[in-house]
Amino acid sequence: VGRDSLRGRIVVSGAGTTRFGALPEWSNAGLGAWALREALDDAGLPTDEIDGLIVARIADAGGFAELCGLNPRFAFSVPPTGRSTGVAIEQAALAIASGRARRIALVYGNDGKSAGARYGAKDIAPGPYSERFHWAEAGLSSPGAFHALMFSRYAAESGAQHRDLAEIAVAFRAHAALNEEAVLRKPITAQDHAHARPIVSPLQLLDYCVVSDGGVALILSDAALEEGRPGPRISLMGCAQSGRLADSSFPPPDYWRDAMARAAQDSYAEAGVGPADMSGLMIYDNFTPTVLFALEGFGYSKPLEAWRDIQDGRLRLGGRWPSNTSGGHLSEAFLQGWALHVEAVRQLRGTCGARQIPGAELIHVMAAAPQPSSIIYGVQ
Amino acid sequence: MKPTDTGLAVAEYREGLRAGELRLRRCRCCEAVWLPPSDLCPQCLSQDLDWTLSQGQGVVTAHCQFHRAYYNEAAFPLPYTVLLVELDEGPRVYANPVEPSALLPVGARVAARVATSSAGEPVLRFTVAG
């Protein structure tokens with residue numbers, strides 16, 4: 001059985017964000033409601049137009065619907081993991097394409113900074129970062145440690161060194177300097193990157209994302225509902241995911257490359273485009289090495305070569321593939337992928353001001369993870 | 001059967017360490033061999049399982065060093081190293097070096113040792129082979 005193409009059948013009607021940073025008076029649900037209000041305003045829609053609800057990091061979908069006075073046909077939550085972001089968006093798109101709903105709100109709220117969330121501490125469950133016997137026994141914890149392990153192997157295989165990661169941190173911070181909403185905006189240099197304190201080496205502080213409070217909402221709609229609406233129409237052009245979940249409490253020897261290649265191939269075929277066509281990239285950047293793994297897995301670099309390729313400035317505004325123009329997780333805010341989708345939409349609408357990619361037509365949002373996802377948005 | 005962390009398999013694995021053995025979980029149906037120990041074969045889902053012994057030799061395929069405490073600092077004084085070792089029999093294990101702050105290089109041949117944790121449990125450690 002082949003894949004039914006979603007190309008052009010789903011549009012982004014609204015995108016909303018809260019402020020990011022330290023927002024101690026806000027709960028996950030409160031941040032989600034704030035973002036949803038922004039997204040509805042953006043779409044010009046009342047709440048009773050929403051007939052599907054997917055919430056992320058908000059535990060109780062029904063409670064959230066009650067809070068916001070929604071009566072969707074279905075409401076459910078996805079696990080509070082970054083890998084769930086692509087899953088949620090694809091499920092929403094599939095529900096719309098199959099006629100189960102026509103306008104779905106995807107709502108994310110994260111009070112992690114103010115709640116003192118320590119990704120990798122024992123309160124993070126489920127998953128390999130909680131008290132798994134074979135992690136706890138060796139004092140292994142935290143997603144950062146997992147990526148540190150992966151980069152140690154990558155470095156040995158490729159010849160890359162820690163200093164080769166600086167370009168990623170420096171480029172995304174330069175983008176954040178152009179984004180008033182970003183949490184960290186002060187420009188940094190390669191020297192700053194080199195001298196940052198070690199956390200779990202070989203990674204240091206500036207290889208880590210910035211844990212933040214914030215909310216994000218997207219409203220996806222049946223394209224038929226948006227016929228004749230003025231302004232640029234932002235469509236889902238391709239959407240796919242894959243999995244490399246067996247044995248996933250250990251680093252994958254191929255840096256998830258095979259799984260990403262499958263997701264890439266499916267989404268490129270659906271969209272009818274490839275890496276050469278992209279105006280810009282939004283790359284899940286919980287840690288700097290993840291960017292290298294994604295570039296290689298989704299076909300922007302050959303295996304073990306991304307660390308060298310990026311040194312030409314290709315990830316910067318004005319470069320071949322401007323990436324994470326908001327500053328990404330490393331500098332704007334760690335919102336588990338959600339804000340990268342909003343940035344993709346804003347780039348395609350041409351509303352990014354000083355950080356606008358001129359003439360942006362196609363943006364690829366990608367995540368390297370045990371469940372990689374690949375989502376391509378375009379202007380129609 | 002309970003999930004991995006609380007299964008009988010972990011207790012039997014620890015008994016092995018106490019006796020100076022590195023036990024690998026083995027499936028009697030499909031002969032898969034794996035770690036961490038669990039009570040379900042991740043290849044064929046059989047529960048008809050036993051053990052086979054590792055020779056305790058392997059290679060460091062990744063390492064990292066903690067400069068920040070996520071666990072009890074008395075148990076893991078900073079900095080400490082975590083090695084990812086691929087055993088010659090195939091399974092991978094996480095373990096600290098015998099000298100916990102030593103950073104054994106990726107690619108190093110290593111040999112298993114058994115140490116006692118601060119909690120009094122036998123734990124697997126590695127030292128450079130030779």
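Accessible areas here come from the Shrake-Rupley method with a 1.4 Å probe, and for residues only the protein chains shown count as cover. By this method chain B exposes about 6,200 Å², with 49% of that area supplied by carbon and sulfur atoms, while the accessible surface of chain A comes to about 13,600 Å², of which 49% likewise belongs to carbon and sulfur atoms.

The structure is a predicted model, in which local features need pLDDT of at least 70, side-chain atom pairs count only at pLDDT 80 or more, and totals for chains, interfaces and linings use all residues. Residues are numbered from 1 along each chain as its sequence is written, chains are lettered from A and ligands numbered from 1 in the order in which they are written, and side-chain values use heavy atoms, with hydrogens and water left out. The model scores ipTM 0.95 and pTM 0.96. For chain B, the average pLDDT (the predictor's confidence in each residue, from 0 to 100) is 92, and 95% of the residues score at least 70.

Chain A has 13 helices and 10 strands, where helices (H or I, at least four residues) and strands (E, at least two) are DSSP runs numbered from the N terminus. Its radius of gyration, taken over C-alpha atoms, is 19 Å, close to the 21 Å that the globule rule (2.2 Å times the number of residues to the power 0.38) gives for 380 residues, so chain A is as compact as a globular protein of that length. Along the principal axes, the C-alpha trace of chain A spans about 55 × 45 × 40 Å.

Of the 380 residues in chain A, 63% are buried, which is to say under 20% relative accessible area (1.4 Å probe, protein chains only). One element that illustrates this is helix 7 of chain A, residues 166-176, where 10 of the 11 residues are buried, among them A:Ile168, A:Val170 and A:Phe172. The buried residues of helix 7 pack against helix 8 (190-195), helix 10 (288-297) and helix 12 (328-331) of chain A, a contact being heavy atoms within 4.5 Å.

Chain B comes to 1 helix and 8 strands, and its sequence follows the pattern α-β-β-β-β-β-β-β-β. With 130 residues, a compact globule would have a radius of gyration near 14 Å, and the 15 Å of chain B agrees with this. The C-alpha atoms of chain B fill a box of roughly 40 × 30 × 25 Å, taken along the principal axes, and buried residues make up 47% of the chain.

How values were computed
Buried < 20%, exposed > 50% of the residue type's maximum accessible area, 1.4 Å probe, protein only.
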